Each structure stands twice: as structure tokens, then as C-alpha cells.
Amino acid sequence: MNKVIVAPSGGGLPAAIGIVRLSGADTFSVLDRIFKAKCRKNAAGRQKNRLYYGTLLAQNGKTLDLCMAVCFHAPNSYTGEDMAELYCHGSSAVVSAAIDSAIDAGARFAEPGEFTRRAFLNGKLDLTQAEATADLIHSTSLLAAQAAASQLSGSVRGEITRLRGQLSGLLAHFYAVCDYSDEDIEPFEYQNAADTLQDVALRLRALKDGYERGSAIKNGIPVAVIGRPNAGKSSLFNALAGFDRAIVTSEAGTTRDVIEEQINLSGALFRLLDTAGIRQAEGLAESMGIERSRSAAKDAKAVICVFDGSQTLTEEDYDALSLVPENIPGCAVINKLDLGINSETEQKLKELNIANIFTISAKTGEGLEALTKWLTELIPSAEGVLITSPRQASLLSSAADACALARQSALEGLTADAFLSDAERALNDLGKITGDTAQADIAGEIFSRFCVGK
Ligand SMILES: Nc1nc2c(ncn2[C@@H]2O[C@H](COP(=O)(O)OP(=O)(O)OP(=O)(O)O)[C@@H](O)[C@H]2O)c(=O)[nH]1
Ligand SMILES: [Mg+2]
């Protein structure tokens with residue numbers, strides 16, 4: 001029998017409300033020792049899923065708080081066990097004393113993710129939904145939250161279960177033909193099997209391909225701001241961030257390191273990266289900084305190359321431009337519009353056939369709207385079943401590869417062993433995604449990423 005666990009489940013304290021959560025077979029007796037409902041009924045006598053007002057008692061029996069409590073009865077609770085939640089006044093003293101009281105009454109402090117682990121073990125959710133729960137808690141943009149919510153409601157689970165069904169149906173048919181060859185069973189056609197494996201592999205690869213979109217939605221879209229010193233990179237970075245995050249001075253070479261700030265645009269998270277100006281470095285720190293600018297441009301999903309529009313172009317400007325990778329979206333920003341734009345600079349940049357050129361003033365904010373609009377166009381589509389977990393993406397790849405090998409064996413008429421072992425490996429990989437065949441250590445790794453109380 002699972003011991004009762006207790007943990008704070010609300011956010012940072014102080015807050016209006018502090019939440020304490022209990023789960024385990026003896027939850028209601030622990031609750032009865034620490035919470036006395038005003039209606040005088042004990043937990044078992046009260047209605048399920050209903051809030052009751054009452055008195056919360058400290059370890060010494062004195063009144064600690066006047067609060068609300070609710071009981072959820074197994075199996076209709078988050079964990080699938082008997083559960084209770086206390087809604088106290090959100091003081092850290094009250095919440096920690098409430099937990100001490102519960103521990104004194106027989107509970108123990110929960111480990112990180114232990115409530116969700118119990119939910120998983122009780123079949124309330126699978127590993128994709130457990131991962132989605134963690135994603136939802138940590139989401140910092142509307143789109144990330146919606147992607148996690150879709151997975152939590154079973155989008156990945158449903159798709160994987162369907163594909164597993166196709167594979168297991170195939171294998172069951174194969175075994176049935178082998179084991180009961182004298183029965184009246186439809187013959188096993190390798191060509192049909194190869195077609196099914198092809199369908200499954202294609203779908204698995206499509207899901208895996210969505211990981212890049214999913215990961216950008218979950219973790220944010222990294223956008224590097226590069227350019228020669230004094231072009232106004234940090235000024236633009238600050239204007240987009242909405243506050244003076246990076247130091248701006250009239251000295252060339254002010255920014256020495258990559259500075260990151262997260263911004264939300266149209267419900268999506270962007271990770272803006274301000275960088276050191278590109279030029280012949282004057283010292284070790286600057287040259288290391290410039291190396292980091294190069295890496296930031298290389299690893300970003302989009303690059304904004306900033307030019308001082310009031311000046312003529314220099315070699316350094318061309319060096320900066322050469323750092324924009326060809327395979328990702330890039331744009332040129334002609335800055336310092338308020339000082340008047342040098343027509344030669346503008347002309348030369350236009351002649352370079354850069355697809356997106358924006359003329360702005362980081363100082364006055366003029367022209368920023370068009371640049372922001374360009375950024376929002378980088379937001380990947382969140383349509384369809386979106387994979388956001390690297391663990392799931394790698395298992396999808398491995399399962400797709402195994403399906404392709406099984407298909408090849410089926411088509412080439414190799415031994416049944418070769419076909420079987422690959423098809424079973426694919427099935428096993430898909431089982432690991434949902435947790436049906438996950439080893440304890442994988443599940444452990446997932447739940448350790450949770451906060452206490454979830
Ligand atoms: N008038 C005007 N000045 C600007 C504008 N943008 C930046 N500046 C000025 O240009 C100078 C350099 O700006 P920064 O934002 O520090 O330039 P940077 O590209 O980050 O420079 P480094 O960090 O040295 O590479 C500062 O004096 C800014 O005030 C602008 O739109 N208009
Ligand atoms: Mg700077």
C-alpha cells in the first residue's frame with residue numbers, strides 16, 4: 001500500500017492561496033487529523049470533489065489557518081489514489097506548518113514528480129502525457145502551453161497507440177499463421193506486410209519531422225542579432241526586449257558576450273541573442289566574444305544583420321553579412337533612420353539581393369513593426385500532432401528505421417527471423433514512447449524533471 005505523500009502544490013509564496021496536496025490510501029485519515037470541517041463531518045462523510053470550509057491544525061493542535069479542503073476518491077483523482085487538497089492562506093509559514101502537521105499525522109514528504117509517477121503507475125496517464133504535464137508546467141508561451149495541452153489530452157498517445165496496433169496486428173497475424181497452420185487463417189502475405197510497414201514508417205517519420213517545429217515552439221526560436229560594432233545591435237535588442245537589457249554606449253566593442261533575452265510575439269517564444277560586433281578583435285576577450293557571435297549565428301534559427309544606415313558600408317559589414325547561414329531565414333536591418341540614411345549604403349544592400357531589408361531606428365522605434373512582423377512569420381505551424389520531446393523523437397526515428405528494415409526483409413524474402421526481430425524492435429520502441437515497455441530508469445528520468453507537488 002502506498003504511503004500518503006504530501007507536498008506544496010501551488011506557486012511561489014506568499015500568494016493569495018497556498019495549496020497542499022496529499023495522496024495515498026490513508027489520505028482521508030491523515031486529513032481528518034489535521035483538518036476539522038465546520039460541518040463537523042469527517043472526510044469519509046463529506047461529499048466527494050467538494051470544497052469544505054474548516055480549521056487547519058498545527059502539530060501542537062492549535063489553529064493554524066481557516067481554509068478549504070477537498071477530497072478526491074480513488075480511482076477518480078489525478079493519481080488514481082485517494083487524494084486531498086488544502087487551500088490555505090498563501091503564507092510560506094502556513095504551508096510549511098500544514099505539511100509538518102500532515103507528516104506528523106502519518107504522511108511523508110513527496111519526491112519531485114511523485115504524484116505524476118503514481119498517476120502513471122495507476123494508468124491515469126502514459127509517459128507522453130507525463131512529459132506533457134511537465135512541459136505545460138514549464139511553458140512560457142501560449143503556443144508552448146497549447147502544444148503541451150494537446151499532448152496531455154492524448155494526441156501523441158493516440159497516434160502511437162494506433163501505429164502500435166497496426167504493427168502488433170501484423171505480428172499477431174504472422175504468429176497465428178505459424179502456430180495454427182492447419183486452421184482456416186488467411187495466409188500471411190509478405191507484400192501486404194511490406195505495405196503496412198511502409199505506411200507505419202512514413203507516419204513515424206512525419207511525426208519525427210514535426211519535432212523541429214515542436215522543439216522551436218517548446219524551447220523558443222533562437223534569433224541572433226549580428227553586425228559590426230556600433231551598428232546598433234544592442235539598441236535593437238533592447239527595443240525588441242522592451243527594456244534596457246544590454247549595455248549601449250557610443251564606444252565600438254561594447255558587447256563582449258552573447259546576451260540572451262526571451263520575448264513573446266504572437267503567442268510564441270523567441271530567444272533573442274545580442275552579440276559582440278564583428279571586426280578585427282583588439283584583445284583576447286573581444287576575440288572570444290566574436291567567436292561566440294559566429295557560433296550564435298550558426299546555431300540560430302534566424303539571423304538579423306544590423307547596419308549603421310547613417311554610415312557607408314565597411315569590410316566589417318560584409319564580414320558580418322557572410323555569417324548569415326544560407327539555409328535559415330535572415331534579414332538586413334538598416335538602422336539609425338533618425339539620423340538620415342546614406343543612400344549608397346541602402347543601394348549597395350539592395351544590390352545584394354537580400355530578401356528582407358528593414359529600415360528602422362532602434363532609438364525612436366520607427367520601422368520596428370515590419371521587423372516584428374517578419375519575426376512572427378518565423379513561428380512554425382502548430383498544426384497536427386506535434387512532438388516536443390527529444391526522447392520521443394529519437395525513439396520515433398529508431399522505430400521508423402526498424403520498420404524500414406523489416407519491410408526490406410519482407411520484400412527480399414529473407415528469413416522470418418530477420419523480419420520478426422526488426423518489426424518487434426519497432427513495436428518495442430513505440431512502447432517505450434508511451435511507457436508500456438519503458439524501463440524503470442527512463443520513467444525515473446522523466447519524473448525527476450518535475451517539481452515537488454506535481
Ligand atoms: N541616432 C541613433 N543612434 C543609435 C541608434 N541605434 C543605436 N544608436 C547609437 O549607436 C551607438 C552604438 O549602439 P549599440 O546599440 O551599443 O551598438 P552595438 O551594435 O551593440 O555595438 P557593439 O556592442 O559595440 O558591437 C550608441 O551610441 C547608440 O545610442 C539609432 O537608431 N539612432
Ligand atoms: Mg552591443
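These are my notebook entries on a predicted model, taken site by site.

**Metal site**

I began with the magnesium ion, ligand 2, and looked up its donors. Ser234 (OG) and Thr255 (OG1) coordinate the ion, at 2.0 Å. I then placed the two residues: serine 234 is in helix H8 (residues 233-241), while threonine 255 sits in the loop between H8 and strand E9 (259-265). They are 21 residues apart, and the pair links distant parts of the chain. I checked the accessibility of both. Serine 234 counts as buried because its relative accessibility is 8%, under the 20% limit. Threonine 255, at 10%, is buried as well.

**H6 and H7**

Next I looked at how helix H6 (residues 155-179) lies against helix H7 (residues 190-219). Their axes come within 11 Å and cross at roughly 160 degrees, so I noted H6 and H7 as roughly antiparallel. The crossing of H6 past H7 is left-handed. From H6, I listed Glu159, Ile160, Arg162, Leu163, Gln166, Leu167, Leu170 and Phe174 as the residues that meet H7. On the H7 side the partners are Tyr190, Ala193, Thr196, Leu197, Val200, Arg203, Leu204 and Leu207. Sorted by class, this contact has 11 nonpolar, two polar and three charged residues. For the spacing in such lists I kept one reminder: an α-helix has 3.6 residues a turn, so residues three or four places apart point the same way.

**H13 and H14**

H13 passes H14 in a left-handed crossing. The contact residues of H13 include Arg391, Leu395, Ala399, Ala402, Ala406 and Ser409, and those of H14 include Phe419, Asp422, Ala426, Asp429 and Ile433. By class I found 14 nonpolar, three polar and five charged residues in the contact of H13 with H14.

**Aspartate 422**

Aspartate 422 lies in helix H14 (residues 416-434), and I looked it up separately. Is aspartate 422 buried or exposed? It is buried, because its relative accessible area is 12%. With neighbours within four places in sequence left aside, its contacts are Ala402, Leu405, Ala406 and Ser409. I also noted its distance from glutamate 316: the two C-alpha atoms are separated by 54 Å, and the residues are 106 apart along the chain.

**Helix H1**

I counted burial along helix H1 (residues 27-34) and found the helix mostly covered, with six of its eight residues buried. The buried ones are Thr27, Phe28, Val30, Leu31, Asp32 and Ile34. They pack against helix H2 (92-104) and against strands E2 (15-23), E3 (35-37), E4 (52-57), E5 (63-72) and E6 (83-90).

**Backbone**

I looked for cis peptide bonds. The bond from leucine 13 to proline 14 is cis, with omega near 0 degrees, and proline 14 is in the loop between strand E1 (5-8) and E2. The bond from alanine 74 to proline 75 is also cis, with omega near 0 degrees; proline 75 is in the loop between E5 and E6.

I then noted positive phi values in residues other than glycine. Asparagine 230 has phi near 70 degrees and lies in the loop between strand E8 (221-227) and H8. It is partly exposed, with a relative accessible area of 29%. Serine 266 has phi near 45 degrees and is placed in the loop between E9 and strand E10 (268-274). At 59% relative accessibility, serine 266 counts as exposed.

Note on methods:
Residues numbered from 1 in each chain as written. Chains lettered and ligands numbered in written order. Predicted model: local features only at pLDDT ≥ 70, side-chain atom pairs only at ≥ 80, totals over all residues. Heavy atoms only, no water. Donors = N, O, S within 2.8 Å, 3.2 Å for Na, K, Ca; no water. Helix = DSSP H or I, 4+ residues; strand = E, 2+ residues; numbered from the N terminus. Buried < 20%, exposed > 50% of the residue type's maximum accessible area, 1.4 Å probe, protein only. Axes fitted to C-alpha atoms, helices over the stretch in contact; angles between N-to-C directions. Parallel < 35°, antiparallel > 145°, perpendicular 65-115°, else oblique. Left-handed = near helix turned anticlockwise from the far one by under 90°. Contact = heavy atoms within 4.5 Å. Nonpolar A, V, L, I, M, F, W, Y, C, P; charged D, E, K, R; others polar.
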